[in-house]
Amino acid sequence: FGFINNRLPSSYHTLNDGEEVNVDGIRVKAIATPGHTTGSTSYLVNEDTLFTGDTLSLIKGKAGIFTPRVFNTNEKTQAASIRKLKSLQNIKFLCTGHHGVTNNFAAALAGWE
């Protein structure tokens, strides 16, 4: 199998909820979105592109709890995280970890009040 080097090439720190970093003019804001896992985090890039990872699934253009559901640690918390994301403004693209991309954020999160 070979040797696996699990050392990172440089120092790092994890981002807290609301913390922003700038990498060569690209702004990335961390948004804590627990539920799939306790440490799930979504990332808002340049205030208009949202990467949710496994916080939610897109099925027929609608956001829902990540499927398959057996992989989620707390669906009640996950639903609260989805409602938190719904409050974001001016999102052009919503990108999930496994379930697609949409350019209609409002329609995707409709019903998550």
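Contact here means heavy atoms within 4.5 Å. This is a predicted model, in which local features need pLDDT of at least 70, side-chain atom pairs count only at pLDDT 80 or more, and totals for chains, interfaces and linings use all residues. Residues are numbered from 1 along each chain as its sequence is written, and side-chain values use heavy atoms, with hydrogens and water left out.

Leu-50 touches Ile-31, Ser-42, Tyr-43, Leu-44, Leu-85, Leu-88, Ile-91, Phe-93, Leu-94, Cys-95 and Phe-105, leaving aside residues up to four places away in sequence. A nonpolar core is a set of buried Ala, Val, Leu, Ile, Met, Phe, Trp, Tyr and Cys residues joined through side-chain atoms within 4.5 Å. Buried means under 20% relative accessible area, exposed over 50%, and partly exposed in between, with a 1.4 Å probe and protein chains only. The largest such core has 16 residues, and Leu-50, Leu-56, Leu-94 and Leu-109 touch the most other members. At least two residues of this core come from each of strand 5 (56–59), strand 6 (62–65), helix 1 (75–86) and helix 2 (105–109).

**Chain overview**

Helices (H or I, at least four residues) and strands (E, at least two) are DSSP runs, numbered from the N terminus. The chain has two helices and eight strands. Their order from the N terminus is β-β-β-β-β-β-α-β-β-α. The C-alpha atoms fill a box of roughly 45 × 35 × 20 Å along the principal axes. Of the 113 residues, 34% are buried. Among contacts with a separation of 6 or more, 49% join residues 24 or more positions apart. The accessible surface is about 7,500 Å², and carbon and sulfur atoms hold 54% of that. These areas come from the Shrake-Rupley method with a 1.4 Å probe.

**The sheet**

Two strands pair if DSSP finds at least two bridges between them. Six strands form an open sheet in the order 1-2-3-4-7-8, with mixed pairing. Strand 1 and strand 8 (101–102) are at the edges with a single partner strand each, so one side of each has no neighbour in the sheet. Helix 1 packs on the sheet and touches strand 2, strand 3 and strand 4 (49–53). The direction of helix 1 makes about 145 degrees with that of strand 2. Axes are lines fitted to C-alpha atoms, for helices over the stretch in contact, and angles run from 0 to 180 degrees between N-to-C directions.

| Strands | Sense | Bridges |
|---|---|---|
| 1 and 2 | antiparallel | four |
| 2 and 3 | antiparallel | five |
| 3 and 4 | antiparallel | three |
| 4 and 7 | parallel | four |

Val-23 has Ile-26 of strand 2 as its bridge partner. Lys-29 is bridged to Leu-44 in strand 3. Tyr-43 is bridged to Phe-51 in strand 4. Phe-51 also stands opposite Cys-95 in strand 7.

Two hairpins have turns with positive phi. Strand 1 and strand 2 have two residues between them, and Asp-24 takes a positive phi near 50 degrees. Strand 3 and strand 4 have three residues between them, and Asn-46 has a positive phi of about 50 degrees.

**Phe-93**

Phe-93 lies in strand 7 (residues 93–96). Its relative accessibility is 40%, so Phe-93 counts as partly exposed. Phe-93 touches Asp-48, Thr-49, Leu-50, Thr-102 and Asn-103, not counting residues up to four places away in sequence. Leu-109 is 16 residues from Phe-93 along the chain, and their C-alpha atoms are separated by 12 Å.
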